[in-house]
Amino acid sequence: MNKSENQLIAARYAKSLLELNTEGGLDNAGVYRNLENIKAILKSSNELCEALCNPVISAADKEAVIDAVFERDTDILIRNFLKLLVKKNRFDLIFDIIKLYNNLLDKINNISKIEVISAIELDDNFREKIKNKLSEILKKEIIINYNTDESLIAGLVYKMGDDVFDTSLKGKMEKFKNAISK
């Protein structure tokens, strides 16, 4: 199965989880917290993740592991969802499902996550101006992750999903170089 097919399958599970939680006792924030906890546990234990994805281990044994590991901090709805993934041999998609679920929540809540990369560390005042301007332009709540990359020389690079808006000096020099070489 190729990556795009896996993404489509993961998207269906994420959408199903979103629809399912509206019928259950959890709200979107509760599901989000549960999924983030699951993601943290799985990322901290490669052995656990490998065991839950291993086709040699029976579904019943995997379900017992899910109950043992996640019983205390995870709602029954989410544990049953994990067990469904095990039964359908789709547990390997868990990280994609969580990411896509979070993307769906962001759409529902009118939130955009943006990465802003600068050549130097930005002060709080400038960060606030960037956030306010982007919020005004996009008409959304903005969550910004700031990073630095000295190779940019000056300016900023904005990344939102697959879209990149490069206002850096490095980017402008590369565009100029490509224009000259044509």
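**Salt bridges, aromatic pairs and local features of the model**

Arg79 is buried, with a relative accessible area of 10%, where buried means under 20% relative accessible area, exposed over 50% and partly exposed in between (1.4 Å probe, protein chains only). The model is a predicted one, in which local features need pLDDT of at least 70 and side-chain atom pairs count only at pLDDT 80 or more, while totals for chains, interfaces and linings use all residues. Residues are numbered from 1 along each chain as its sequence is written, and side-chain values use heavy atoms, with hydrogens and water left out.

**Salt bridges**

- The structure holds 7 salt bridges, each defined as a side-chain nitrogen of Lys or Arg within 4 Å of a carboxyl oxygen of Asp or Glu.
- Arg79 forms one of them with Asp67, the closest N and O atoms being 3.7 Å apart; this pair links distant parts of the chain, since Arg79 belongs to helix α5 and Asp67 to helix α4 (residues 59–70), 12 residues apart. Helices (H or I, at least four residues) and strands (E, at least two) are DSSP runs, numbered from the N terminus.
- Asp67 also meets Lys83 in a salt bridge between their side chains, at 2.9 Å from N to O, and this pair likewise joins distant parts of the chain, from helix α4 to helix α5 across 16 residues.
- Asp67, Arg79 and Lys83 are therefore linked in a network of salt bridges, in which Lys83 is buried at 14% relative accessible area, whereas Asp67 is partly exposed at 27%.
- In helix α2 (residues 28–44), Lys39 and Glu36 are separated by about one helical turn, because they stand 3 residues apart, and their side chains meet in a salt bridge of 3.3 Å, N to O.
- Lys39 counts as partly exposed at 23% relative accessibility, and Glu36 counts as partly exposed at 22%.

**Aromatic pairs**

- A search of the whole structure finds 2 aromatic pairs; rings of Phe, Tyr and Trp (its six-membered ring) pair if their centres lie within 6.5 Å, and planes under 30 degrees apart count as stacked, over 60 as edge-to-face and the rest as tilted.
- Tyr13 and Phe81 form an edge-to-face pair, with 6.2 Å from centre to centre and 75° between the planes, and they connect distant parts of the chain, with Tyr13 in helix α1 (residues 3–23) and Phe81 in helix α5 (residues 76–87), 68 residues apart.
- Both partners of this pair, Tyr13 and Phe81, are buried.
- The rings of Tyr158 and Phe165 have centres 6.1 Å apart and planes at 35°, so this pair is tilted; Tyr158 is buried at 18% relative accessible area, but Phe165 is exposed at 53%.

**Helix α7 and its two ends**

- Helix α7 (residues 124–138) has 15 residues and reaches 21 Å from its first C-alpha to its last, close to the 21 Å expected at 1.5 Å a residue; the expected span is 1.5 Å times one less than the number of residues.
- Asp123 caps the N-terminal end of α7, with a side-chain oxygen 3.2 Å from the backbone nitrogen of Asn125. A polar contact is a pair of N or O atoms within 3.5 Å; within protein, one must be able to donate a hydrogen and the other to accept it, and residues adjacent in sequence count only if both atoms are side-chain atoms.
- Just after α7, Lys139 takes a positive phi of about 55° although it is not a glycine.
- Lys139 is found in the loop between α7 and β2 and is exposed, with a relative accessible area of 65%.

**Other loop and surface features**

- Asn89 has a positive phi of about 55° although it is not a glycine; its place is in the loop between α5 and α6 (94–108), where Asn89 is exposed at 56% relative accessible area.
- Ile153, Leu169 and Met173 form a nonpolar patch on the surface, with about 280 Å² of accessible area together. Patches are made of residues with over 30% relative accessible area and no salt bridge, like charges being joined within 9 Å and nonpolar side chains (Val, Leu, Ile, Met, Phe, Trp, Tyr) within 5 Å, and accessible areas come from the Shrake-Rupley method with a 1.4 Å probe, for which, in the case of residues, only the protein chains shown count as cover.
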